[in-house]
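Colleague: Please take me through the cavities in this model. I would also like a look at one strand residue.

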Amino acid sequence: MHPTNGRVNGHHRRNGTPRYSAWSLVQHGLTGAEWSRAWRAHPMRKSYDVVIVGGGVHGLATAYYLATNHGIRNIAVLEKGYIGGGGSGRNTAILRSNYLTPEGVRFYDRSIKLYERLAADLNFNVMFSQRGHLTLAHNDASLRTMHWRAEVNKLQNVDSEVIGPDKIKELVPYLDTSTTTRYPILGALYHPPGGIIRHDAVVWGYARTADANGVHIHQKTEVTGIDVEGGRVTGVQTDQGRIATPVVVNCTAGWATLISDMAGVRMPVQTFPLQAAVTEPVKPFLDTVVVSGTLHVYVSQTDRGELVFGASVDPFASYSMRGSLEFTEGVAGHVLELMPAVSKMRLLRQWAGLCDMTPDYSPIMGPTEVEGFYVDVGWGTYGFKAGPVSGEAMADCIANQRPPEIISAFGIDRFLQGRLVGEKGAAAVGH
Amino acid sequence: MMLLTCPWCGPRNSTEFRFGGESHPRPRPDAATPEEWRDYLYFATNPRGWSRETWYHGSGCRRYFAIERHTETNEHRAIDERRAAEARR
Amino acid sequence: MTQEQIALAGTGAMRLGRQEGEVIDRRRTITFRWNGKQQLAHPGDTIASALAAAGERVFSRSFKYHRPRGILTADHLDPGCQLQVGDEPNVRAAHRLVEADMDVRSQNTWPSLRFDVKAANGLVGRFLSAGFYYKTFIKPERLWPVYEKVLRQFVHAGSISPDTAHDYYDKRYAHPDVLVAGGGPAGMSAALAAARAGATVLLVDEQGALGGRLRWGGPAELHELHRLTAEIAAEPGIEVLTDSVVGGRFDDNWVAVVQRNLPNVVERLVKVRAKSFVVAPGLIERPYVFEGNDLPGVMLSTAARRLINLYAVKPGERAVVLTANPEGDGAVADLQRAGVDVAAVVDARHGTTVTRARGRSGVQSVELSDGRRIDADLLVTAVGWTAPTSLLNMSGDKPVYDPRSARFRPDPARLPDTVLATGRIVGDGSFSEIAAHGAAIGREAARRAAGIRARWQTQVPTRTPGEPVAEVPAKPVEIPDLTPAAHPELFRGHTHGFVDFSEDVSSKDLFTAVAEGYDSVELVKRYTTVTMGPGQGKLETVNAVAVVAEATGRTIAETGTTTWRPMYAPVTLGALAGRIFEPVRHSPMQAWHERQGAVPLVAGQWIRPEHYGDPAAEVRTVRNAVGIIDVTPIGKLDLRGPDVPELLNLLYVNKWNNLGVGRVRYGVMCAEDGVVLDDGVTGRLGEQHYLMSTTSSGAGTVWEWVENWLQTEHPDWQVHVTPVTTAYASINVAGPRSRELVGRLAEGVDLSPEAFGYMNVRTGTVAGVPDCVLWRIGFTGELSYEIHVPAAFGLHVWEALMSAGADLGVAPFGIEAQRILRLEKGHFIVGQDTDGLTQAYTAGLGSLVKLDKQDFIGKPELTWQAERGGYPLLVGLQPIDGRIVPAEASQIIAGGRIVGRITSSRMSPTLGRSICLGQVEAGLAKPGAVVTVRLIDGRNIPAAVTPQLAHVDPEGERQRV
């Protein structure tokens, strides 16, 4: 594994823009000088060494690590809307690494480690708040799964343990831990390094530093086709013109199938909306992230005081991001079963993102049967958590033309070979 | 909430139904290669547009039925075999 | 104070004499507390109007700079009027009516509203530029949690109390032909016309009464208001919901309406399936951006008019009015009538505008673009309108900017047929033009609703024969034109001011964000949080778009707008949740179990006895005498027809052709990927009659699974499936003396081992109850009979077994004892000893799987699993030290690598040692192999693989007697 740091020392960064710091903030405040652009708009070149489709955290991180770890800088990131406008800006910004399979734990643990130093690496405060993450168990089967995850986690040196109702109540006084509820809380998987982050800041931090390292970010540029000749990629068609390139990376979420279809690569993916909602703010009362698999809900309180809710993906496949009333009704009911005292808080807004679900709840990463066409897709509901490690691994994969060990279990060939990853095991025994 | 038209019960709330996914023909189990079988198990067309899929009216007549649904607008229509054949061509 | 004294004192210095359209009840006075101080109000007052009447100008402090804020809009949207009422945070004080003894407090102030320490933030405002937090607190990383704690202190909101209960909230469904959102002149006219065309109508308005802007108009408007309200009241086809808001429109006109201020109900969610949906929300007045635009005393013309005309409150003493439209001109007249000294009327239509407002805790003077400076405590602005297109956007509309009218307009072409818009969201006009448009839209909505009704009727093939189908007028109603009036484009004046009052975002911040590269409206929104506050952009979005356009040099049309998302207005979690409705399932014997002190176990939907005090004793009773367990939740499917054997051959991995009548067989079902799905026994009760059992948790899934295969793959097979899980109460009688016990109660069944052997089924009478099904099977490993009793007689049979077996030592046993018994016997549990990847061979079912069958579900994958070999295996395990019980999910490791896990473990009362089941890698799955188990406390212990899964009676002699 490569030691990663995109760090550029000194008061100025690679492209001469000033570093962010309390001192620079004061200087700008005093002088009223304008900040320089975090990223620039460039004219599109006729060709790039690497074209990344999707300007979310995965695409931008891949570009950033290609530039900083491997010195590949002639890169275009193509984004059909604005950067971070897809899954990166629509998720509930929860980070954790307490997965079930050793492959999953190792992978997401690397992601957490990269996230922990991301603010310093990118010189951009991404506000990673490691306030702890609780997954509640309401029956003995899910308690057993929590133990299973805890044991696998501990063996990978990931801080994770099963705790009882008293300790849970101490961490989250607003939880109803009485034994008479419909779904009594029997215990929880407690994961102290988990927490929340400012998701947009991660996108902007990567974009800013990738830009400083020469990466071209093209917003409002939609890919309309991928040119494949003789089994290898030769270029990308966009609504802004054609780009010649030997390497195309599909870093989209929600559009994984559609982009791969352009290269003629079939995907074991079905796209489902995942909804989220946010309440009006109240004074801080919830320090940790609380998840209940049985009740299909997760909740955290942001630094702005809002509660952010999420649930499982919608019950049927769709590319619609319109959202549903059933979702908010369900999530409110379940949150109130956990914390009756929040009943007078008001739901402010709901939204939806798209999740590309794979059969084994694990991603599809690496090369495909089309030479030069790489995928970093199929993230289901976990994509944001994996942003940095995916970027790092995909950059490695592209630069060295073979998947690094950390993603070797996630190749697309596993489906035809029947070697699925067991992350779904947690779901299968979770009821 | 989408209204889904059950061929037996008429338009009903979608919460009465369970989504069964894209309709795939099942390969012959004694003749399928691993690739054919796993394509059937795991791969999907996942179109952004009209999709032929199975639904189960669990809170109604308990019939499984196939229907075409547009995956972006949620409009749906009965399957027209002639149209389907034309689309395949 | 006595009522008399209160009446003499009046309810405040700013209270005006009687206004024609006022909504307060002057005959009565109530008291409430404002920051601990007693305040007076009339019923009908909002919290804000009562405080304003008393001369209060400052209601809150702002988010970042803690600037004083007062009334801006005097309605639900008012950003400065969010207050804490009792344990309810963020109450919209300019909308919520005062109630006697309310405890109202300002939020986000310390130590007090007048003197707020954090107001010092205002001095350092120049350093708190857009996105400042992204640029600092970066290093050292370990200090971020400390910074974060401080930042969290600045949360701009009220607070909740841990003692708040989930009050009574209920829900309602409504199925009107036409739903009208907005009860102003257009909405009221639409509702009337639709109802007169024969439609049932639900008319919803956010205010406490119908009328919209008519309510604060002059005599002509009030006259129309009274006429329309009287006509609506007389129209039986219209139901009116006031103080209710349409929160969201979802697919196929599924609409959420939140009803507030109901007696005994905090809020109610009304879920409406509307055939036609008419959107008539009117317009929202837009604030103007200039320096000092957030000072208390700066308010919108609609706010001033509401205060005067609805609440009889004088908004100030000396006013400057900035007007660009007739409504602003109307405000001038209202102010003058209310006795406000209107020092200047600045007509923006002629190019003059306001440059800045000055003052400390409120407006003191106003500077104009012509250089004048006027002393005033009130600045009223009327600079334009925002069309609240939210509900239309949720229906597919994308608003288009119209520079001529200076507002975004809906694009009706993008709307589905079932959604129509009317009123000022469409265009402007005289009262009669608006009413005519509303009426035409109402008639057309009714016509389309009739069409939908007819379509729905004909789409039900099973409808009542002869039912008349609704008649649909064929010709669409002609809709008159309604065009927006020309209006000057006024967004920002010559100075920077606040664009978003809730978030403390100024136009300067937006310029900064654009300069830093956040140059699309979505990025600006996320970077600065503009429009992300409680109003969700209803006041702020258009100004934000206009400022971004200005900063980027693009037009407003090119800049576009952000997406409006549900909810239109915030709704309590309580209303969304409604009454918590989580049904549980009980067996008919549950009351008996509870009387015996059974410890309940939540198992999915079921509540079951876990044990009755001592599970180990319950195990011993079963091994030595006889025990009975309530197994009612076991899934049961009644299968009838000539093709049942074909079906069973398809569903199960083993063979079913030769199952004789009266025989029972164990079977395992896999999914198409070969992963174990469920298991159970199926017995043949008659020539074409079978009873299938499934796991308790799998009952529903398997039923759907069976139907799926029958209906989609084999519709030609003749099998009828009936779920009978709760039609029977199920009791397992287990133990060496079970035959004796059952024999005392059974009639017409020969229980002798020769006549009723292991794995047989009989039907007969038990304890006088006919039609019981008896299975001789043995999950516990003992001689046992599973009796399925018609559910109504379950408790009777259970009690009969208990009393008939008293001398045999019969005792009930629970799930925990059953788990121990089955583990001693080595029976696996699907979902515990198997997981989402466990294929049949891994579960040790190699001898059961019959690959020579032509077809069964999962056959190809299992064929390949068998060919591949080398798969992990479920094995019996015994720790070398039998006193140690490794927790379930303990990992089995070798050389630091995970090579398996303990799936089940217990202390065996029968063997007096710990016993386990576990999955291990192929190489370790050999009898006698010693593996390393990592305990939860981190210790490693050795455990040996047993020769077979069963720890007790591996030969099965006990159950075959």
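**Cavities and a strand end**

Modeller: The lining of the second largest cavity splits into four nonpolar, six polar and four charged residues. Here Ala, Val, Leu, Ile, Met, Phe, Trp, Tyr, Cys and Pro count as nonpolar, Asp, Glu, Lys and Arg as charged, and the others, Gly among them, as polar. This is a predicted model: local features need pLDDT of at least 70, side-chain atom pairs count only at pLDDT 80 or more, and totals for chains, interfaces and linings use all residues. Residues are numbered from 1 along each chain as its sequence is written, chains are lettered from A and ligands numbered from 1 in the order in which they are written, and side-chain values use heavy atoms, with hydrogens and water left out.

Colleague: What volume does the largest cavity have?

Modeller: A cavity is a set of points on a 1 Å grid over the protein atoms alone where a 1.4 Å probe fits but cannot get out; lining residues have an atom within 4 Å of a point. Points are joined across faces, edges and corners, and volume is the space filled by probe spheres set on them. For the largest cavity that gives about 280 Å³.

Colleague: Which residues lie nearest the centre of the largest cavity?

Modeller: Its lining has 23 residues. They divide into eight nonpolar, 10 polar and five charged. Nearest the centre are A:Pro281, C:Gln82, C:His156, C:Ser502 and C:Pro534.

Colleague: Is A:Thr279 buried or exposed?

Modeller: A:Thr279 belongs to strand E13 (residues 270–279; a DSSP run of E, at least two residues) of chain A. Its relative accessible area is 0%. Buried means under 20% (1.4 Å probe, protein chains only), so A:Thr279 is buried.

Definitions and conventions:
Helix = DSSP H or I, 4+ residues; strand = E, 2+ residues; numbered from the N terminus. Buried < 20%, exposed > 50% of the residue type's maximum accessible area, 1.4 Å probe, protein only. 1 Å grid on protein atoms, 1.4 Å probe; cavity = no way out; pocket = protein on both sides within 12 Å on 5 of 7 lines; lining within 4 Å.
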